[in-house]
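User: I'm new to this one and would like to learn how to read it. Could you walk me through it, feature by feature?

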Amino acid sequence: MANTVSFAAGSPVGRREISVSYDRVGSGEPLVLLHGIGHHRQAWDPVLRILAAERDVIAVDLPGFGASPALPDGLAYDLRTMVPVLGSFFDALGLVRPHVAGNSLGGLLALELGRERLVRSVTALSPAGFWTRSERRYAFGMLRSMRGAALSMPMPVIERLSRSSPGRTALTSTIYARPGRRSPTAVVSETVALREATGFRQTLEAGLTVAFTDDVPDIPVCIAWGSQDRLLLRRQGVRAKRVIPGARLVRLPHCGHVPMNDDPAAVARVILDTSR
């Protein structure tokens, strides 16, 4: 069962009470894991055991996703709000500049946390924010289609599709290069998470104005991109390297947009190497 912490967080409209759900496992230096839009903390399950052997791992449900309630009324799902919220979450758990790894939206948040000097290292897996307008339009169209499909399918259909490899491919091939590896239970769970994500629309709207254009100096940064990422195309990694010249750019062969499931060992190695 997930842990939940409530805390007062500063925002552009003042301090508000926010609750965040998370899992915590392992020991060592703290490492916070941030998922992508429409996903939940269980996206990290394939790498948790490996990471927990060396790190105190905190896998987070971002506000409005997974088991975390939506942000209070009046708060936007943008970087100006989310970065202070995550900083307050760190304070609530007694985390002093933890390492952070994020995927997609979580990768963008991780980089922004690094830029604000709130973390000691950043691993960003296919981070958002390095797109052209046409690439962003394509990615957002795909995300809206995924969300629409999840909302329209009755649960019995989702459950039936999850029981076969072709069905899991139909449900998740946009984000995984090897969707057949995902368990039926996990596929059902993440499809439900996508359809029930209260923060989805507002987060997507906030992303319309996002472009990461600032360096992240003075801390270790690794940007890793799946060679078969169908959502955020891998050439965006080259742009990210130009923006953050001190970052290490890593290619993840045979991995899709959410690489933790496609190659858990490779992803865990990249995160641990960066946080060392």
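**Reading contacts, folds and charges**

Analyst: Contact here means heavy atoms within 4.5 Å. Before going on, note that this is a predicted model, where local features need pLDDT of at least 70, side-chain atom pairs count only at pLDDT 80 or more, and totals for chains, interfaces and linings use all residues. Residues are numbered from 1 along each chain as its sequence is written, and side-chain values use heavy atoms, with hydrogens and water left out.

User: Where does Ser126 lie, and is Ser126 buried or exposed?

Analyst: Burial is read from relative accessible area: under 20% is buried, over 50% is exposed, and partly exposed is in between (1.4 Å probe, protein chains only). Ser126 has 1% relative accessibility, so it counts as buried. You'll find Ser126 in the loop between strand 6 and helix 4.

User: How many helices and strands does the protein chain have?

Analyst: Helices (H or I, at least four residues) and strands (E, at least two) are DSSP runs, numbered from the N terminus. In this chain there are 11 helices and eight strands. The radius of gyration is 17 Å, close to the 19 Å that the globule rule gives for 276 residues, so the chain is as compact as a globular protein of that length. That radius is taken over C-alpha atoms, and the rule is 2.2 Å times the number of residues to the power 0.38. Along the principal axes, the C-alpha atoms fill a box of roughly 45 × 40 × 40 Å.

User: How much of the chain is buried, and what share of the contacts is between residues 24 or more positions apart?

Analyst: Buried residues are 57% of the 276. Of the contacts with a separation of 6 or more, 71% come from residues 24 or more positions apart.

User: Now the charges. Why can side chains pair up?

Analyst: Opposite charges on side chains can pair when the charged atoms come close. A salt bridge is a side-chain nitrogen of Lys or Arg within 4 Å of a carboxyl oxygen of Asp or Glu. This structure holds 14 of them.

User: Which residue forms a salt bridge with Arg41?

Analyst: That's Asp23, with the closest N and O atoms 2.8 Å apart. The pair links distant parts of the chain, 18 residues apart: Asp23 is in strand 2 (residues 16–26), and Arg41 is in the loop between strand 3 (29–34) and helix 1 (45–52). Arg41 is buried at 8% relative accessible area, while Asp23 is partly exposed at 22%.

User: And which residue forms a salt bridge with Asp218?

Analyst: Arg117 does, at 3.3 Å between the closest N and O atoms. Asp218 sits in the loop between helix 8 (200–207) and strand 7 (221–226), and Arg117 in the loop between helix 3 (105–115) and strand 6 (121–125), so the pair ties together parts 101 residues apart in sequence. Asp218 counts as exposed at 71% relative accessibility, and Arg117 as partly exposed at 37%.

User: Where do Arg235 and Glu135 lie?

Analyst: Their side chains meet in a salt bridge (2.6 Å, N to O). Arg235 lies in helix 9 (residues 235–243) and Glu135 in helix 4 (residues 133–152), so this pair ties together parts 100 residues apart in sequence. Glu135 counts as buried at 5% relative accessibility, whereas Arg235 is partly exposed at 47%. Elsewhere, salt bridges that share partners join Glu112, Arg115, Glu116 and Asp214 into one network.
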